[in-house]
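Keep the viewer open as you read.

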Amino acid sequence: MDEKTDKTSDPEWLRNLPLRAEEIGFSPDQMIACKACDKPNGPNRASCLYCGARIEGASSERLDVRELEGWEKGLNVIAGGLTNSNVRTAAEKLAGFMVTDPETINTILGSGARVPVARVEFADQAAAITKMLSEFGAECVTIPDEDMLLSGAPIRLRAIDFNGDSILLTPFGGGDPTVLPREDLSLIVSCTVFKERREAVERTKRRSTTTVSETQLSTDEPILDLYTRRDPVGWRIPISGFDFSSLGADKSLLALENMSKLLSRLCNFSPDARMVDDYVSVRSLLEYCWPSEHRKDKSGPKSFGFPRKNLSSVFSSDNLLQVTKYSRLQWYLL
């Protein structure tokens with residue numbers, strides 16, 4: 001073929017080639033300007049990419065749900081009451097709506113437990129999720145983080161004394177004891193706090209890191225939270241530092257046995273109080289919205305053999321915040 005008639009020999013032909021076979025983004029006409037910062041956003045976004053403000057007029061086909069940090073205040077959507085025939089369909093639709101893993105949602109909804117299925121930033125997101133799940137017969141409630149955490153954990157107790165139709169709650173570290181009548185004890189929540197600490201000594205050489213030594217410590221401590229129907233703060237009985245003298249002759253040398261005996265005595269003292277002890281069985285479901293806290297800290301150089309110095313890192317994790325949220329959730333579900 002004559003080179004002069006070959007269009008590929010013309011440099012203009014190469015310059016006019018499209019960069020891609022089809023457009024993969026949104027055209028300027030489809031973009032929606034944020035009213036707060038006036039920057040353009042895609043029509044599939046529910047909040048501004050730049051300032052985080054809500055976008056009016058965005059598509060309702062999906063929710064722009066981002067994963068919130070532990071310190072951020074969110075809204076927790078608790079779902080339950082779905083029949084087995086509706087679980088899979090509801091999970092797939094909600095997962096597509098939130099752009100998340102359908103198997104995780106299916107596991108949560110199929111468990112039958114009243115645990116959070118979503119933790120979102122805005123009230124209209126929670127309302128949209130509630131409306132969608134309600135179409136499949138789910139019973140939903142939205143609880144803000146601020147209501148569940150309040151000012152912190154329940155009041156720590158040092159001792160409990162049983163006095164006929166009431167119990168005397170003595171707080172840890174001083175303070176006036178509280179007299180709690182039998183009929184006022186409405187909720188007993190049994191949970192377990194899991195803590196793990198791992199220290200690793202690492203040596204860095206030629207851009208490679210080698211673990212020289214490693215120590216690991218893990219503990220699990222049962223706790224009991226007590227609530228009245230009027231007060232969501234509650235009281236907490238820890239296994240460490242608690243005086244089990246109220247058990248009298250039933251007191252054991254083992255703190256774990258004493259905790260179990262105290263729980264039985266509290267249940268017998270107030271048989272009308274609701275007892276919740278399923279935390280361990282639903283813990284894996286709670287990790288989706290309320291993950292355990294993980295931290296990594298550098299503890300500085302450490303000598304390990306002459307004349308080397310190595311860096312030590314401490315990895316720790318605990319589920320204390322998760323336990324507090326789950327405990328308070330039970331009060332809201334009374």
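Start at strand β3, residues 75–80, where 6 of the 6 residues are buried; buried here means under 20% relative accessible area, with exposed over 50% and partly exposed in between (1.4 Å probe, protein chains only). Look at either face of β3 and you'll find cover: L75, V77 and A79 are buried on one side, and N76, I78 and G80 on the other. Helices (H or I, at least four residues) and strands (E, at least two) are DSSP runs, numbered from the N terminus.

A word on what you're looking at: this is a predicted model, in which local features need pLDDT of at least 70 and side-chain atom pairs count only at pLDDT 80 or more, while totals for chains, interfaces and linings use all residues. Residues are numbered from 1 along each chain as its sequence is written, and side-chain values use heavy atoms, leaving out hydrogens and water.

What sits alongside β3? It pairs antiparallel with β4 (residues 115–120) over 5 bridges, and antiparallel with β5 (residues 139–144) over 6 bridges; two strands count as paired if DSSP finds at least two bridges between them. V77 shows both links, with A118 as its bridge partner in β4 and T142 as its bridge partner in β5.

Now move to V115. Setting aside neighbours within four places in sequence, V115 is in contact (heavy atoms within 4.5 Å) with V77, I78, A79, I108, V282, L285, L286 and Y326. V115 is also among the residues with the most contacts inside the largest nonpolar core, which has 46 residues. Such a core is a set of buried Ala, Val, Leu, Ile, Met, Phe, Trp, Tyr and Cys residues joined through side-chain atoms within 4.5 Å. Helix α2 (residues 84–98) gives the most to this core, with 7 residues. A second, separate core has 21 residues, including I188, F242, L262 and L263.

D38 isn't a glycine, yet its phi is positive, at about 65°. Most residues other than glycine have a negative phi. D38 counts as exposed because its relative accessibility is 61%.

Finally, how far can you trust the picture? The protein chain averages a pLDDT (the predictor's confidence in each residue, from 0 to 100) of 85, and 84% of the residues score at least 70. Where pLDDT is low, the predicted coordinates should not be read in detail.
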